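Please consult the sequence and the model while reading.

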Amino acid sequence: MKKTFSALSLATLFLTTATCVLAAPNVEEIVNKANNAAYYAGKDGKALVDMTITDSQGRTRNREFVILRRDDKDGGNQEFYVFFRKPSDIRKTVFLVHKYTDKDDDRWMYLPDLDLVKRIAASDKRTSFMGSHFFYEDVSGRGINEDKHELLEDGDKFYVLKNTPKDPVSVEFSFYRVWIDKKTFLPMKAEYANKADKPYRVVEALAVEDIQGHPTVTKSRVQDFTSGGETVSEFSNISYDLGLDASIFSERYLRKPPKEVYR
Amino acid sequence: MTACAAVLALAGLFLAAGVARADLQTWKDTFYDAYGVDLNGFIEARNGWRLQNDPHEKDVSLAELRLQLEAGKDLGWGSFGLKGELLSDFVTDDYTALLRDGNFLFSPLAAMDVKMGRQVLTWGTGDLLFINDLFPKDWKSFFIGRDDEYLKAPSDAVKVSYFHELANVDLVFVPVFNPSDHIDGERLSYWNPILGETAGQNFFLDTEERSSFGRDSEFALRLAKNYAGAELALYNYDGFWKTPEGLDPATGQLIYPRLSVYGASARGQLWGGIANLEAGYYDSRQDQHGDDPLIRNSEWRFLTGFERELARDFTGSLQYYVEWMQDYDAYRDSRPAASPARDEYRHLLTLRLTKLLMNQNLVLSFFAYYSPSDQDCYLRPKVQYKIDDHWTIEAGGNFFYGSDDFTFFGQFQDNTNAYASLRWSF
């Protein structure tokens with residue numbers, strides 16, 4: 001079963017590479033493929049994330065959490081279950097997201113000390129994820145229909161895309177450029193420009209590994225030039241296609257974390 | 001004297017903690033590898049002071065050292081959870097060991113979870129307002145400025161949850177009644193309707209014990225369904241008023257009269273925020289016609305709220321809540337003429353503002369209750385700063401104002417206090 005799967009994905013990889021050789025894909029195709037490569041690998045997935053947040057004065061803080069993801073279909077609705085292990089004051093806190101491509105996400109936070117399931121307003125996705133320099137949107141992906149995309153460069157290794165928001169008031173950037181690896185279609189770098197068109201924020205993939213046939217970012221970093229801080233995320237224990245049950249992404253498992261999140 | 005002892009003990013603890021800190025994670029990992037037990041906790045010092053003189057209470061409203069230890073063990077087919085505390089309370093001059101969690105969680109069926117033992121339970125949609133959540137609260141802790149965690153007192157209960165496509169069912173059985181920790185004058189002064197004046201440590205009223213197994217049990221039921229992003233629920237509770245809302249003239253004791261509650265709630269997204277609606281009918285079964293002046297009447301309770309992000313890392317929420325006393329004429333006619341009458345409707349508005357700063361390590365929060373009918377209010381400002389992954393400092397206040405001495409928040413006016421705390425988590 002597993003063999004068939006990796007053979008299949010290899011075939012897909014080969015085919016996509018072949019297409020690249022024949023003709024440069026159009027912008028929408030690149031965007032779709034990059035979105036799927038970055039956020040939809042496998043039908044579901046799991047990773048242990050170790051986040052190091054460094055502020056402008058060099059002080060560091062750590063977050064350790066397990067993230068479970070399940071897709072309805074590639075490019076479609078998704079569910080995320082984030083279980084915090086560290087630091088100890090937020091241990092067992094769970095963050096649950098039902099992400100929709102056509103409407104606002106549903107978000108919940110479970111606070112174990114109070115046994116409280118709190119519903120969270122999801123209006124602004126460009127706010128810090130748990131105090132880090134990553135935004136919620138960096139974790140779960142920005143809707144591909146929210147920007148206009150232009151191909152700036154069709155280089156040897158990368159496609160360089162310029163993305164301009166359709167609703168500029170809703171975001172803090174005026175545009176961002178993304179470097180997409182031509183082989184894996186993973187976005188390797190995103191550089192956000194402020195209203196003065198100067199870069200002030202960079203999100204980069206620092207390491208990529210092949211996991212079950214999916215090129216996967218195993219280390220990423222976001223640098224914030226305005227505040228001078230940065231956050232590095234390292235991903236381990238990654239696996240795909242675990243057959244995660246849809247019920248895991250419900251209230252039941254906020255109170256009773258699934259075995260997948262324990263060490 | 002006690003303050004000195006507190007400072008010394010604290011210094012000692014933190015010194016020890018500082019030494020241990022470097023190896024702490026290794027030690028915790030070793031412990032886990034050896035016994036499969038996950039160990040966490042904190043040490044905290046917390047002090048609070050009254051901001052005015054209270055003739056019935058001490059100036060110090062809060063002075064304590066607390067050690068919390070939490071241990072969890074997963075057996076594969078079930079898991080144990082334990083959370084214990086050692087508390088040295090310099091206001092009551094007590095040393096206590098407390099158990100907040102002591103339970104076993106397992107799944108006898110694929111679609112069923114059972115949690116047995118001491119546990120904190122919460123449901124319902126209100127923010128610091130409770131209609132269908134009839135699990136015990138600790139109002140003393142809330143009013144003197146302990147961590148929010150302590151508002152919820154643990155229950156000794158069995159919770160059975162059954163998950164089905166049609167609806168999820170939660171049934172909580174509490175074999176022996178778990179009352180809320182109500183204001184009795186021990187730490188906070190309050191309006192005593194029997195005396196007809198504010199009382200504190202000068203006047204304790206005996207409260208009945210409801211401790212008979214079977215006769216004094218409680219049942220709470222919830223049917224819940226998530227329908228297209230809207231969380232819908234129906235509730236039923238059968239037990240007792242959680243605070244002593246009655247008086248037995250024969251014994252002169254405060255009593256917990258029988259109570260049944262029927263309610264419903266809904267919560268979902270609206271206008272880029274979260275809206276909630278909740279209602280409940282409180283059937284005061286020992287005073288169903290409302291003509292017993294010594295037992296609280298039945299009432300309807302409604303609640304509606306809205307929360308949304310106002311700016312980046314800045315959230316605001318508003319709630320409106322009302323208690324509508326039933327058989328109000330019967331209450332008016334039967335009540336002793338001398339004591340101040342309650343209104344038929346008690347309206348309440350709440351406002352919450354939360355601002356996160358400095359990578360969310362600094363949290364400024366403000367919560368206000370305001371009752372236009374009682375003409376009183378209760379303000380809870382708080383500042384919390386996470387110095388690093390272990391240390392947290394916090395300061396805040398509990399401000400009570402009221403035109404009258406006998407209204408819900410107005411009665412606590414002399415308890416207005418400020419507090420500060422230092423916590424080391426591991």
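**Aromatic rings**

Student: What is the relative accessible area of Trp27(B), and is the residue buried, exposed or partly exposed?

Tutor: This is a predicted model, in which local features need pLDDT of at least 70, side-chain atom pairs count only at pLDDT 80 or more, and totals for chains, interfaces and linings use all residues. Residues are numbered from 1 along each chain as its sequence is written, chains are lettered from A and ligands numbered from 1 in the order written, and side-chain values use heavy atoms, leaving out hydrogens and water. Buried means under 20% relative accessible area, exposed over 50% and partly exposed in between (1.4 Å probe, protein chains only). Trp27(B) is partly exposed, at 48%.

Student: How are the rings of Trp27(B) and Phe31(B) arranged?

Tutor: Rings of Phe, Tyr and Trp (its six-membered ring) pair if their centres lie within 6.5 Å; planes under 30 degrees apart count as stacked, over 60 as edge-to-face and the rest as tilted. Over all chains, 43 aromatic pairs are counted. With centres 5.6 Å apart and planes at 25°, the pair Trp27(B) and Phe31(B) is stacked.

Student: What is the relative accessibility of Phe31(B)?

Tutor: Phe31(B) counts as partly exposed. Its value is 23%.

Student: Which arrangement do Tyr369(B) and Phe409(B) form?

Tutor: Their ring centres are 5.1 Å apart, with 40° between the planes. The pair is therefore neither stacked nor edge-to-face, but counts among the rest. The arrangement is tilted.

Student: What is the relative accessible area of Tyr369(B)?

Tutor: Phe409(B) is buried, at 3%. Tyr369(B) is buried too, with a value of 3%.
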